[in-house]
Every structure is written in structure tokens, then in C-alpha cells.
Amino acid sequence: MRIRLEGNRAEITLGMIHLREVFTVTAMSRAYPDRSRPHTYRVYVRIIPRKDT
């Protein structure tokens, strides 16, 4: 699954922390600046369900 996170750097970091609690993150893009909103970025993340044993 591919997810796009949008927000300032702190919001994206917090979102990644929460995603990693539930999913396995397999890839993450660099932070792309949002042209229409200053100090806002987007990051693309690929995740898979975590396999708990």
C-alpha cells in the first residue's frame, strides 16, 4: 500500500512514528515541498501489514 503524508516536518515525523507502530514501512521518499503552502511537505510511504508472531 502507498500512503502520502502531508504536513510540516514535525507532523510527518509523528505520523511516521504512528505508522511504524502498526505497519512495516518498506520504503519512504524524500520530503517534497508543497508549492502552494509554505513550510508544508509531502512524503510517500510504502507499507505492509506487520506480521506478529
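**View 1. Side-chain polar contacts of Asp34 in the predicted model.** A polar contact of 3.2 Å links the side chain of Asp34 to that of Ser36, and another, of 3.1 Å, links the side chain of Asp34 to that of Arg37. These distances, like every value in the legends that follow, come from a predicted model. Asp34 itself is placed in the loop that runs between strand 3 (32–33) and strand 4. When neighbours within four places in sequence are set aside, the residues in contact with Asp34 are Thr40, Tyr41 and Arg42.

View 2. Like Asp34, Thr40 belongs to the loop between strand 3 and strand 4. The relative accessible area of Thr40 is 13%, and because this value is under 20%, the residue is classed as buried. Leaving out neighbours within four places in sequence, Thr40 is in contact with Gly7, Tyr32, Pro33 and Asp34. Glu11, which is 29 residues away from Thr40 in sequence, has its C-alpha 9.5 Å from the C-alpha of Thr40.

**View 3. The largest nonpolar core.** Eight residues form this core, namely Leu5, Ile12, Met16, Leu19, Tyr41, Val43, Val45 and Ile47. Two elements, helix 1 (9–22) and strand 4 (41–49), each supply two or more of the core residues, and strand 4 gives the largest share, with 4 residues.

**View 4. Contacts of the core residue Ile47.** Ile47 is one of the residues of the largest nonpolar core. Once residues up to four places away in sequence are excluded, Ile47 touches Met1, Ile3, Leu19, Phe23, Thr24, Val25 and Thr26; of these partners, Leu19 is also listed among the core residues.

**View 5. The whole protein, for orientation of the close-ups.** The protein has 1 helix and 4 strands, which follow one another from the N terminus in the order β-α-β-β-β. Along the principal axes, the C-alpha atoms fill a box of roughly 45 × 15 × 10 Å. Of the contacts with a separation of 6 or more, 49% are between residues 24 or more positions apart, and buried residues account for 25% of the 53 residues. The accessible surface amounts to about 4,300 Å², with 53% of this area belonging to carbon and sulfur atoms.

Notes:
Residues numbered from 1 in each chain as written. Predicted model: local features only at pLDDT ≥ 70, side-chain atom pairs only at ≥ 80, totals over all residues. Heavy atoms only, no water. Core = buried A, V, L, I, M, F, W, Y, C linked by side-chain atoms within 4.5 Å. Buried < 20%, exposed > 50% of the residue type's maximum accessible area, 1.4 Å probe, protein only. Contact = heavy atoms within 4.5 Å. Areas by Shrake-Rupley, 256 points an atom, 1.4 Å probe, with all protein chains shown as cover. Polar contact = N/O pair within 3.5 Å; in protein donor to acceptor, adjacent residues only side chain to side chain.
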